Amino acid sequence: MNRISLAINVTAIDLALLVRDTLIISDIHIGYEDALQSRGVLIPIFQLQDTIKRLETILKETKPKIVVINGDLKHEFGRISSQEWRDTLKLLDMILQYTEKIIIVKGNHDPILGPIARKRGIEIVKEYKINNVLIAHGDAEPALDKENKDVKVIIIGHEHPAIIIQDKVRRERFKCFLVGKYKRRMLIAQPSFFLLTEGSDVLKEKLLSPLLQRDLGNFDVYVVEDKIYPFGKIKNLR
Amino acid sequence: MITHLEKQNTEEELLTILHPHVRTWFHQKFKTFAIPQRFGVMQIHSRNNILISSPTGSGKTLTAFLAILNELIDSADKGILQDKIYCVYVSPLKALNADIEHNLLEPLKEIGAIAGKEFGIRVAVRTGDTTAQEKTKQLKRPPHILITTPESLAIILASIKFSDHLQNTQWCIIDEIHAMAENKRGVHLSLSLERLQRMSPAMTRVGLSATVAPLDDVAQFLVGANRDCKVVDVQFLKQLDLKVISPVPDLINTTHGELHHAMYSLIDKLVQEHKTTLIFTNTRSATERVVHYLKEKFPKHYNDINIGAHHGSLSKDHRTELEGNLRQGKLKCVVCSTSLELGIDIGYIDLVLLLGSPKSVARALQRIGRSGHQLHATTKGRIIVMDRDDLVECSVLLKSAMEKKIDRIHIPTNCLDVLVQHIHGLALEEKIHIDDLYALVKQSYCYKDISRKDFMEIVEYLAGKFISLEDRHVYAKIWYDETTGMIGRKGKMSRVIHMSNIGTIPDQSGVIVKEGEKKIGMVDEGFLERLKPRDIFVLGGNTYRFKFSRGMVAQVDRCYETPPTVPSWVSEMLPLSFDLAMDIGKFRRLMTEKLEAKKSKEEILEFIRSYLYVDENATNAVYEYFKEQYDYVGEIPSDQRILIEHTEDEDGRKYIVFHTLFGRRVNDCLSRAVAFAIARMQHKDVEMGISDNGFYLVSHGKLQPMQALKALKPAELNKVMGLALDQTEVLRRRFRHCANRALMILRSYMGHTKRVGRQQVSSMILMNAVKRISPDFCILREARREVLEDLMDIENTTLVLNLIAQGKMKIAEVHTKIPSPFAFDLVLQGHLDIMKIEDKVEFLRRMHQNVLAKIGLGKK
């Protein structure tokens, strides 16, 4: 698997980021298909199986000490169905085979993860810091004073960034990393680990994160497919 | 066996079968029997299945009901009338149902008055609008005549108590059968009829139809495979007064503005010369536009009181009010899209105007037949054409109409999604052995050839066999015991799911277009994918600027007087029928022969006058159009000749135009097959545009269209198209519809109805999930079949390829600097799509190389 360095000590590998010996993934949205089913969309389910397969490959290759799940581990806001409960534990147990510790950064979709996390002794935090790298879900602006004064790089999820690459006849959508500036710090928005769709096209969709509202044209795009491809600035792709 | 009735019954013969009170009533109301009645009444009385094809207002409805009313009165008079349903009447329109109820209650009242007593014959309407209270009433005291729609019929067949009243139904009348035979509503109905027949072995079927062909197929569709049916064909009872008119003498040297001005003046002149005019426009937005312009340009002639628009997007109240005003003769003019094609009573119309081609002879006759409502009155229709392709098309159409040559409809067969609903419904009725079930299904004309394998696959799908045992409970909708061969219902929710989810008309889905909070309409996911911020496009007749999207919602601003920057979003337009297309091709061939033989202008004009039914303006315009094409390239495509034209547009883009006048349904298929062959030969994506008259391809490579076309083997077309469709938006869209019908995506489930979240699931996710089960999964296969056979026309495409292979269809190739006259509109208007051949990763790598090259150059 190819790796691409996005900042000092921050490396992209497939849909994940590696900061020293910590692996960061975000927005898995377990239970999406269950949510569909409860609304009458009776399609067969492959999400968990696919997620495990792709994540396991990364874990085998990187052997991280810590895995940070940067928000939205599960999909539904409300109650957890028994199926989601089982699936979430299955995924967490798989990760624990390759790493010592899991930390969950709270996202907007998982207000009641507590019971699941307690069961496996997993820590749930609002944000997580590795030296001067701050990891936050990205649905709200993090405080950058006090203990966060020294932050140089911010990593967020939440956005599910993707981009439509097109020539005269063909258009295709790909997951991507966005790398730019936020309040004089470096900002990295990572693609979602939600495998059913690519995500929101940053060229024309309204971005959700309050951190991604300014100077988007100067963000660099790194497309993730079989490898990671640097595609230059957003403004040159419009 | 299908038998055409040649001999009418005499008045005396018919009178002898009528009950004295009914006879008195008939004499009071009518002078004599109408022609359809002379053919049909005795047959229905004798319990023979019958299809009656005759124009609106020819006494068709009474033909169907006279013998039935007669028999009910007779039974009531003898005191042997039971509390059960004797006759089920099905029509595709709720509005028509109300009409029919009225038209039955009145004679019953009048006959009662003659007899001096109440016969107590009950008539009731049951549709989606029927209240629960009304339904309870119907359950307690069933009507003798039940008026319903195909959807409601299917629901009552599966309801435990009400279906008891349907046992031993004597007659079933299917009205407007021509409007249902050609789509899945008809397929669905055909199985409902078999289920009804199973409860009522002696039931007689009566079909009523407007102009349609082939009558034998429609008759067999009515009665089911291997049953007998009589056919009454009195389609051409009325005198036809038809003309094609052009608003200006010269269609080519007139500006767009002048042409429109002339068109509205012409419409106004015609409307003013008549009492009441009905105008058909083909689209909803055009309907609104025409009403708006007429009011604006001729305020003295048209106001809110005397002109109105009628189309499917308008509220039911608005439409009902308009129909009422029309019946009472209060309106001077009504403009509709296609919504008044079917036979609700709209009173006296003395002129029908068609703006633009109706695309099929049958449709033209159905529309024009709305005028001259009394029998023997002349029907008067005028088709107004706006360009030269339209002129030739409508002129040939008119010729076919005058010569009674009606294009054939396509009846869908082996629809697996519709089958799902009925097996589910039958399992709710009672336990049934699969052999009996299979035999019942094969009785329907639409399933007479269904293979045991396909059938079993649907049974297993319903039983949830495609999912591992532990998760099956979510998916299984029936139980199926392989050892005993029995199936039955499963789960408490099964009946509720069935009742709230059956039907064949797909839910609207796609991207919601909003201006602020206001919903404007919907576009396809694929269309949104192509849009860039600030792009301007047309939706529902207005122009909008695209701002941004989020998920399945697109935000736009209204903009005024700005031309669109992307081709308009055209969802499936009316396609030109293949038969009519071939007739146009034949006319082209005859014209070519004259031009090649160097006949004089006068001789050719004389030929046009004698061949087509057109005025002098039109004769000249047709001549000029052909002469220009012939002088420019020396080749005219026809029914025996395909022309391939290599050309360029103003911006130097290279096009290959295929002049294949076979109608859009064939061209949709043929173009994709050719594009696929070319894309594969040169391993590059190909862009294409499709119309009724041909298609074009654009690609960056050097194309070899002749080789590609010749390389297509008729026997391999199905396989090629399966591959060619794989990545297309049209397949994804149709798959969603099929998944809906196959109860895989439920409209209503566990108390949730129409949840926005569910509506907005991308078709891509759905299709990817199903492909994982198997690329050949039955519902996906049905989506492919629907696209290839119902939306497109793979059968006639194969026919064309066979003609090429046999050398009966010649292919010529020419090069032009600017598009030839025949190619001009095609390049301008073709509906766009793209044939993807390059792998997604390959495409990405190529685009990445481009980006790297750009950055590299920037650095130097």
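The entries below concern chain B of a predicted model.

Entry 1. I looked up the extent of helix α29 of chain B, which covers residues 729–741 and has 13 residues. I noted that α29(B) reaches 19 Å from its first C-alpha to its last, close to the 18 Å expected at 1.5 Å a residue.

Entry 2. I then asked how many residues of α29(B) are buried. I found 11 of the 13 buried, so the helix is largely enclosed by the rest of the structure. I took a residue as buried if 20 or more other C-beta atoms lie within 10 Å of its own. Among the buried residues I listed Leu731(B), Phe735(B), Cys738(B) and Ala739(B), and also Arg732(B), Arg733(B) and Arg734(B).

Entry 3. I checked what covers these buried residues, and the cover includes α17 (416–429), α28 (717–725), α31 (763–773) and α32 (778–791) of chain B.

Entry 4. I looked just past the helix and noted that Leu743(B) takes a positive phi of about 60 degrees.

Entry 5. I turned to the domain assignment, which gives domain 3 as 416–501 and domain 5 as 641–843 in chain B. The centres of these two domains of chain B, taken over C-alpha atoms, are 33 Å apart. I recorded 14 residues of domain 3 of chain B in contact with 13 residues of domain 5 of chain B.

Entry 6. I asked which helix gives the most to the side of domain 3 of chain B that touches domain 5 of chain B. I found α17(B), with 6 residues. The residues of that side divide into 7 nonpolar, 4 polar and 3 charged.

Note on methods: Residues are numbered from 1 along each chain as its sequence is written. Chains are lettered from A and ligands numbered from 1 in the order in which they are written. This is a predicted model: local features need pLDDT of at least 70, side-chain atom pairs count only at pLDDT 80 or more; totals for chains, interfaces and linings use all residues. Helices (H or I, at least four residues) and strands (E, at least two) are DSSP runs, numbered from the N terminus. The expected span of a helix is 1.5 Å times one less than its number of residues. A residue is buried if 20 or more other C-beta atoms lie within 10 Å of its own, exposed if 12 or fewer, and partly exposed in between; C-beta atoms are placed from the backbone. Two residues are in contact if their C-beta atoms, placed from the backbone, lie within 7 Å. Domain bounds come from an automatic or database domain assignment. Ala, Val, Leu, Ile, Met, Phe, Trp, Tyr, Cys and Pro count as nonpolar, Asp, Glu, Lys and Arg as charged, and the others, Gly among them, as polar.
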